[in-house]
Structure formats: C-alpha cells, structure tokens
Amino acid sequence: MSPLTQALAAADPALMSELEALYKDLHQHPELSMQEVRTARIVADAMDKLGYEVTREVGVTGVVCVLKNGAGPTVMLRADMDGLPMAENTGLPYASTVKARDTDGTEVGVAHSCGHDMHVTWLLGAACILAANRAAWQGTLLIVFQPGEETAEGAAAMVKDWDEKGQGRFPKPDIILGQHVMVGAAGTVSYRPGVTLSAGDSLKITLFGRGSHGSQPQTSIDPVIMAAATTLRLQTIVSREIAPTEPAVLTIGSLQAGTKENIIPDDATIKLNMRTFSEDTREYMLKSIRRICCAECDASGAERPPEFTTINSYPLTENDLVATQKVAKAFHQQFGDKSLLAGSPASASEDFSIFGRSWGVPYVFWFVGGTSPEVYAKAVQDKTVNKIPSNHSPQFAPKIHPTLETGLQAMLSAAGAWLCPGA
Ligand code: ZN
Ligand code: ZN
C-alpha cells in the first residue's frame with residue numbers, strides 16, 4: 001500500500017460520510033457544460049480551506065489548485081465537473097430533478113449521467129488526504145477541476161486561458177492523471193497502456209438543393225433524396241473502405257429536412273459522429289466523408305457544394321507506456337487481482353488528453369467500476385453486460401460504495417507512484 005492510501009485508511013471515518021454527502025449534493029445539483037458555477041464554487045471554497053492556492057475561473061468555470069510540498073515532481077490530477085442535458089430516471093432518493101436552459105435556449109433536464117459528480121468527489125477527497133498528510137509525500141500538486149468535458153470545450157478553454165495568461169502562472173506538470181467511472185464491478189480498476197479511448201469527431205453537414213412544390217419535382221433539386229443517398233453511402237466507409245481489423249464507428253444521429261409533405265425543401269442537414277482508434281484512420285474517414293458528400297451533391301446536380309461544420313472533436317486518449325507501467329504497479333500493490341488490464345480500448349472519447357497533448361506531458365487515464373459487483377457478476381454469467389445502464393443512460397448511477405473508496409484509493413496510489421518515491 002502507498003503511504004497515501006495508508007493515510008486514507010487511517011483517516012477519520014467522518015471524512016467518508018462528508019464525501020458521500022458531497023457526492024449526493026452534487027448529484028442533485030448537476031450543471032450543464034461550461035455553466036458549472038455552483039460546483040466550481042463548492043470545490044474552490046473547499047480547496048481554499050484545505051490550504052491550496054486556488055485560482056478560479058480558469059477557462060470559464062475551471063478551478064486550478066496548487067500545493068507545493070518540497071522538492072519533487074509536479075503531479076496534475078484532473079476531474080471533470082459537468083452534467084448532461086437529459087432527465088435522470090434512476091429512481092434514487094437523491095436523483096436530480098434539475099432543469100436548465102441549453103445553449104440554444106431549450107429547457108432540458110440535467111443529470112450527472114456520466115458520473116462526473118463522482119470524479120469531483122474523488123478528487124476533492126484525494127486533495128483532503130494529500131493536504132492533511134504532507135509528511136507522506138514530496139513535490140508539487142496541481143489539482144484541476146475542469147468544466148465542459150461533454151462538449152469537448154473545457155480542457156481546451158483551460159489550456160487557452162492557462163497559456164494566454166503566461167507560462168509560469170502555474171507549474172508545468174511532469175505527469176497528468178485522470179480517472180472515469182464506468183460499467184464494471186465496483187471495487188475494480190482497469191487500465192490500458194497506449195490507446196485507451198477513441199478519438200471522437202462530430203460534424204454537421206448541410207446539403208443544398210432547390211426547393212419547390214411537391215407536385216413539380218422537375219423544378220427542384222431535392223435535398224431529401226440527396227441526404228438519403230448520402231446517408232446510405234456514408235455507411236460504406238466503415239463497411240467497405242476500412243479494414244475489418246481496424247475498429248471504426250460512423251453514426252448519423254440526426255437527419256433533418258423539410259416541414260410539410262408537399263414542399264420540397266431547400267436544404268437538408270446531417271449530423272454525424274465518428275469514433276476512431278488511430279490518427280491515420282481518423283484522417284482517412286474525415287476525407288472520405290467530404291468526398292462522398294460532395295459526390296452525392298454532384299450526382300443530384302446541386303448548384304452549391306455542401307457545408308461542413310465541426311460540432312466537436314475529441315483527440316485519441318493514448319496513455320504513456322512508461323507512466324502506465326508505474327500506475328499499473330501501484331494498482332497491483334493496492335488492488336491485487338481487482339486491478340485489471342483492459343483487453344481493448346473503449347469506444348468512448350474524452351478531452352482529458354488535451355492537457356498532455358498541448359504541453360507535451362505524459363498522461364494516464366484509467367477506469368473505475370461503478371456497478372454493484374453482484375449485478376455485474378450475474379450479467380457476465382448471463383452474457384448481458386451490454387444491458388447494464390451505461391454512462392449517458394438515464395438509469396446510470398454508480399453504486400456509491402465501494403466506488404467512492406476505490407476511486408480515492410486509485411487516485412492516491414497512482415499519485416503516490418510519483419510523490420512517494422521511496423514507498
Ligand atoms: Zn460523458
Ligand atoms: Zn464522462
């Protein structure tokens with residue numbers, strides 16, 4: 001065990017109940033991406049009290065906290081804070097009933113259906129233990145609460161603010177660590193060297209036709225036909241152009257045109273999302289999407305080429321190999337056979353790696369199981385793991401114990417691999 005997880009085990013039991021209360025409070029008060037004002041205030045006030053140098057409003061609502069504790073590496077620990085624009089349907093006594101206005105003014109339910117409330121609680125708990133046990137470690141801590149992960153805005157906004165206001169405003173980290181709760185037996189952690197999460201790209205594509213009366217199609221250039229043909233042809237990128245051994249996803253989640261059955265509309269919009277696991281495949285698919293959309297518009301005789309807008313873009317999360325080995329060693333010491341090596345990367349995306357990529361700093365991102373171990377074991381036996389409500393499901397909510405304890409232990413043991421070198 002790391003001296004830091006020993007300190008956690010020896011901590012006042014009141015800490016765990018305080019963290020559980022904090023978690024439930026955050027869960028009941030989720031905030032949309034880049035609007036995490038309340039959450040940021042709660043963490044910044046708490047970090048202030050713990051003795052960290054706290055800087056608020058870094059990249060809109062981000063919070064950066066520094067604690068210098070002698071010579072040693074600078075370790076950055078990061079948690080994301082935002083909820084999702086969806087109604088919660090867990091039936092839990094502490095379920096969210098919050099409603100808020102989305103960026104386009106629509107009223108939406110808001111829920112912590114990705115578990116970022118757990119991430120904030122883990123990080124604040126780890127920060128407590130680190131601040132209270134300074135004799136157990138040496139170095140500099142950089143604790144970062146990030147806004148807007150769900151819209152891929154937050155990490156980029158923080159890095160921009162950080163860099164624009166001058167290098168040296170905060171110490172440059174030697175290693176960046178982050179974790180995510182996901183489906184898996186609570187009490188376990190899983191990690192993977194190299195690519196651990198897919199890149200994610202979302203595009204809006206507008207196809208321009210020429211509207212007309214539905215009874216006179218000969219006077220139109222029909223964008224509905226154009227969009228339908230494009231939708232089908234885009235599916236051939238993964239099925240016909242990418243090798244079967246190379247995983248890739250292309251999903252068209254929105255296809256819209258027209259208002260009435262007898263009006264041929266002027267245009268149609270396609271919104272798509274793709275996931276890739278290598279930079280080469282990502283670039284190839286982005287080019288193919290453009291080629292197919294332009295060719296289908298040409299085939300329809302469109303007078304104007306299609307327009308492409310990036311909705312969001314998440315880079316690959318590619319864990320540093322040497323740093324992952326260090327984390328893996330710490331996890332094996334801490335968790336024994338509950339520390340799992342993931343067999344394949346996950347088809348989900350994160351903006352966590354933007355910090356490391358922007359500064360050329362190695363990073364490691366891992367996962368903490370949040371499903372009741374009994375439920376998970378039965379699902380594995382019944383081959384129904386895919387039916388367990390996952391992140392972004394209205395039924396998603398981690399089992400608080402032991403997920404809370406495991407995430408704390410994981411963060412502290414991983415940080416200890418850098419901060420407690422003699423251990
Ligand atoms: Zn999410
Ligand atoms: Zn998430």
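This is a predicted model: local features need pLDDT of at least 70, side-chain atom pairs count only at pLDDT 80 or more; totals for chains, interfaces and linings use all residues.
Buried area is the accessible area, taken with a 1.4 Å probe, that two parts lose on being put together, summed over both. The domain assignment of the chain gives domain 1, made of residues 3-198 and 316-419, and domain 2, which spans residues 203-313. Their C-alpha centres are 36 Å apart. Ten residues of domain 1 and eight residues of domain 2 take part in the contact.

How much area do domain 1 and domain 2 bury between them? The value is about 630 Å², with 59% of it on carbon and sulfur atoms. On the side of domain 1, the residues that lose the most area to domain 2 are Ser198, Leu316 and Ser347, which together account for 51% of what that side buries. The residues of domain 1 that touch domain 2 comprise six nonpolar and four polar ones, with no charged residue. Between the two domains, the count of salt bridges is zero, while one residue pair is in polar contact, both residues being at pLDDT 80 or more.

Strand β1, residues 53-58, pairs with strand β2, residues 62-69, in the antiparallel sense, and four bridges join them. Val58 has Gly62 of β2 as its bridge partner. Three residues lie between the strands of this hairpin, and Gly59 there adopts a positive phi near 65°. As a general point, side chains in a regular strand alternate between the two faces of the sheet.

How values were computed:
Residues are numbered from 1 along each chain as its sequence is written. Chains are lettered from A and ligands numbered from 1 in the order in which they are written. Side-chain values use heavy atoms; hydrogens and water are left out. Two strands pair if DSSP finds at least two bridges between them. Helices (H or I, at least four residues) and strands (E, at least two) are DSSP runs, numbered from the N terminus. Domain bounds come from an automatic or database domain assignment. Contact means heavy atoms within 4.5 Å. A salt bridge is a side-chain nitrogen of Lys or Arg within 4 Å of a carboxyl oxygen of Asp or Glu. A polar contact is a pair of N or O atoms within 3.5 Å; within protein, one must be able to donate a hydrogen and the other to accept it, and residues adjacent in sequence count only if both atoms are side-chain atoms. Ala, Val, Leu, Ile, Met, Phe, Trp, Tyr, Cys and Pro count as nonpolar, Asp, Glu, Lys and Arg as charged, and the others, Gly among them, as polar.
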